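Please keep the sequence and the coordinates in view while reading.

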Amino acid sequence: MKPFSRRSEMTKLIIAAFATAVFTNLAFAQEPPAIKENYDCAGTSPDGNYTISLTIQTKGENYFLSWEDSIMTGLGFRSDDKLVAAFVNRTNGRVGVVSYKVVEDQLVGVWSGGGGKTYTESCLVGQKVKKGGKDGDGNPRVVARSNQIR
């Protein structure tokens, strides 16, 4: 009878630990940061580095993205702390996807235009991205024309 008793006690202990972990996470769960309307972005592309402005509008659970005065437009949705979107370059018709992690006043993203590689893009609220040099994380701040983004 002792082995059965020990298993029963162990099972109760495991269930109690699991329940405590679940309820603790629920009690301290935080809302992900809000997505702002205007960003200044810097990123990498097949043609080099670039800076570009990004405007995001919401309608229900959908997010409408517009880069550089509608040169590129996209439609996305939010999943926890991520904003994911498909986009089209209205100049050349090329399409792609982007996934941003929403961090306070910043979007940290990775995107692809389907050419077999991924590229990065970081966007800041209320700050102009400086041309040239590097940001605090060592990412380049070099300008490329928006029509170079594919």
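A strand here is a DSSP run of E with at least two residues, numbered from the N terminus. The model under discussion is predicted.

In a regular strand the side chains alternate between the two faces of the sheet. Strand S5, residues 82–89, has a covered face made up of Leu83, Ala85, Phe87 and Asn89. Its uncovered face carries Lys82, Val84, Ala86 and Val88.

Strand S4, residues 72–79, pairs with S5 in the antiparallel sense over 8 bridges, and Leu75 has Ala86 of S5 as its bridge partner. The hairpin of S4 and S5 has 2 residues between the strands, and Asp80 takes a positive phi near 55 degrees there.

Strand S6, residues 95–103, also runs antiparallel to S5, and 7 bridges join the two. Here Val88 has Val95 of S6 as its bridge partner. The hairpin of S5 and S6 has 5 residues between the strands, and in this hairpin Gly93 adopts a positive phi near 80 degrees.

The structure holds 3 aromatic pairs. One of them joins Phe87 and Trp111 in an edge-to-face arrangement, with 6.1 Å centre to centre and 65 degrees between the planes. Phe87 lies in strand S5 and Trp111 in strand S7, residues 106–112, so the pair ties together parts that are 24 residues apart in sequence. Phe87 is buried, with a relative accessible area of 7%, and Trp111 is buried as well, at 4%. Together with Trp67 and Tyr119, these two residues form one aromatic cluster.

Key. Residues numbered from 1 in each chain as written. Predicted model: local features only at pLDDT ≥ 70, side-chain atom pairs only at ≥ 80, totals over all residues. Heavy atoms only, no water. Buried < 20%, exposed > 50% of the residue type's maximum accessible area, 1.4 Å probe, protein only. Helix = DSSP H or I, 4+ residues; strand = E, 2+ residues; numbered from the N terminus. Pairing = 2+ DSSP bridges. Phe/Tyr/Trp six-rings, centres within 6.5 Å; stacked < 30°, edge-to-face > 60°.
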